[in-house]
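Hello,

Here is the structure I promised to pass on to you.

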Amino acid sequence: MLEVQEIDRYILRQMPAEESAVFQARMLITPTLKTKVRHQRIVHKIVKWFGREQQRKQLEALYTSLLRDEKFKQEIEIIFK
Amino acid sequence: MEQTENKQLEQIYRETFPKVARLVKQLGGDLSAAKDIFHDALIIYLEKCKVNASHIHTSPQSYIVGIARILWTRKFNDELKYAALDDDTELISDFYQDKVNAKPLLQQLRYAGERCLQLLQAFYYKQWPAQKIAERLNYGSPHSVSVQKYKCLEKVREQIKQTEAYEEYIA
């Protein structure tokens with residue numbers, strides 16, 4: 001778990017410059033560490049995608065709910081008449 | 001707290017969507033296109049608020065309409081070099097990469113670890129404190145959230161290793 005945590009601190013730029021430089025050097029001589037870092041970066045991308053997808057669903061629900069408000073609905077309909 | 005956030009979001013939606021709708025109409029789009037562009041711009045705004053709210057120097061409405069204009073232009077001209085708002089170029093590029101490439105991998109991983117993705121999303125995307133995550137997602141304590149978060153990172157990372165073939169989608 002410590003390694004996952006350490007990689008996270010590196011990816012999220014939470015390491016001081018010196019520690020980060022040492023970490024980069026370790027990646028150079030340890031290909032498995034480099035691969036883990038690459039994969040963990042992908043995890044963060046996926047989490048972001050997942051977050052955005054959830055957010056889109058929430059906004060779709062909000063849109064549907066706001067259209068039940070006649071005043072809002074008319075305001076939008078007039079624009080596209 | 002969350003109710004307040006929802007109310008604020010609803011207010012921003014009410015005030016800003018008509019403005020974006022008028023813009024998209026002027027540019028030749030329909031209601032459906034206006035809604036999609038508006039949702040994308042709103043998501044970019046919400047992400048920006050979490051990461052760097054102090055870099056937004058205008059009202060939420062002006063910011064979102066500005067982003068919507070860029071997204072619309074970009075939609076029809078990928079090669080266009082535009083002057084983005086401050087440092088948002090990377091955010092917008094990243095957003096488009098997301099839309100094009102994410103789904104196959106996401107679908108693959110969803111089968112394997114929905115609960116883990118929810119936890120990671122709450123922590124990294126929503127940036128909720130551990131206490132709130134523990135309450136909402138039924139973990140025993142903030143400490144167990146922290147422990148589980150790293151276990152989940154490792155678990156999903158392991159799944160990615162085993163689905164290397166999918167990496168072409170996100171390289």
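This is a predicted model: local features need pLDDT of at least 70, side-chain atom pairs count only at pLDDT 80 or more; totals for chains, interfaces and linings use all residues.

Where chain B meets chain A, 50 residues of chain B are in contact with 39 residues of chain A. The two chains bury about 4500 Å² between them, and carbon and sulfur atoms give 68% of that area. Three residues, B:R14, B:Y150 and B:R157, supply 15% of the area that chain B buries against chain A, more than any other three residues.

There are 5 salt bridges between chain B and chain A. One of them joins A:D69 to B:R14, with the closest N and O atoms 2.9 Å apart. Across the interface, 6 residue pairs are in polar contact. On chain B, the helices α1, α2, α4, α5 and α7 each supply at least two residues of the side that touches chain A. The largest share, 11 residues, comes from α5(B). By class, that side of chain B has 25 nonpolar, 6 polar and 19 charged residues.

Now for the rings: the whole structure holds 8 aromatic pairs over all chains. B:Y13 and B:F38 form an edge-to-face pair, because their planes stand at 85°, with the ring centres 4.8 Å apart. This pair links helix α1 of chain B to helix α2 of chain B, and its two residues are 25 residues apart. B:Y13 is buried, at a relative accessible area of 0%, and B:F38 is buried, also with 0%.

Happy exploring!

How values were computed
Residues are numbered from 1 along each chain as its sequence is written. Chains are lettered from A and ligands numbered from 1 in the order in which they are written. Side-chain values use heavy atoms; hydrogens and water are left out. Contact means heavy atoms within 4.5 Å. Buried area is the accessible area (1.4 Å probe) that two parts lose on being put together, summed over both. A salt bridge is a side-chain nitrogen of Lys or Arg within 4 Å of a carboxyl oxygen of Asp or Glu. A polar contact is a pair of N or O atoms within 3.5 Å; within protein, one must be able to donate a hydrogen and the other to accept it, and residues adjacent in sequence count only if both atoms are side-chain atoms. Helices (H or I, at least four residues) and strands (E, at least two) are DSSP runs, numbered from the N terminus. Ala, Val, Leu, Ile, Met, Phe, Trp, Tyr, Cys and Pro count as nonpolar, Asp, Glu, Lys and Arg as charged, and the others, Gly among them, as polar. Rings of Phe, Tyr and Trp (its six-membered ring) pair if their centres lie within 6.5 Å; planes under 30 degrees apart count as stacked, over 60 as edge-to-face and the rest as tilted. Buried means under 20% relative accessible area, exposed over 50%, partly exposed in between (1.4 Å probe, protein chains only).
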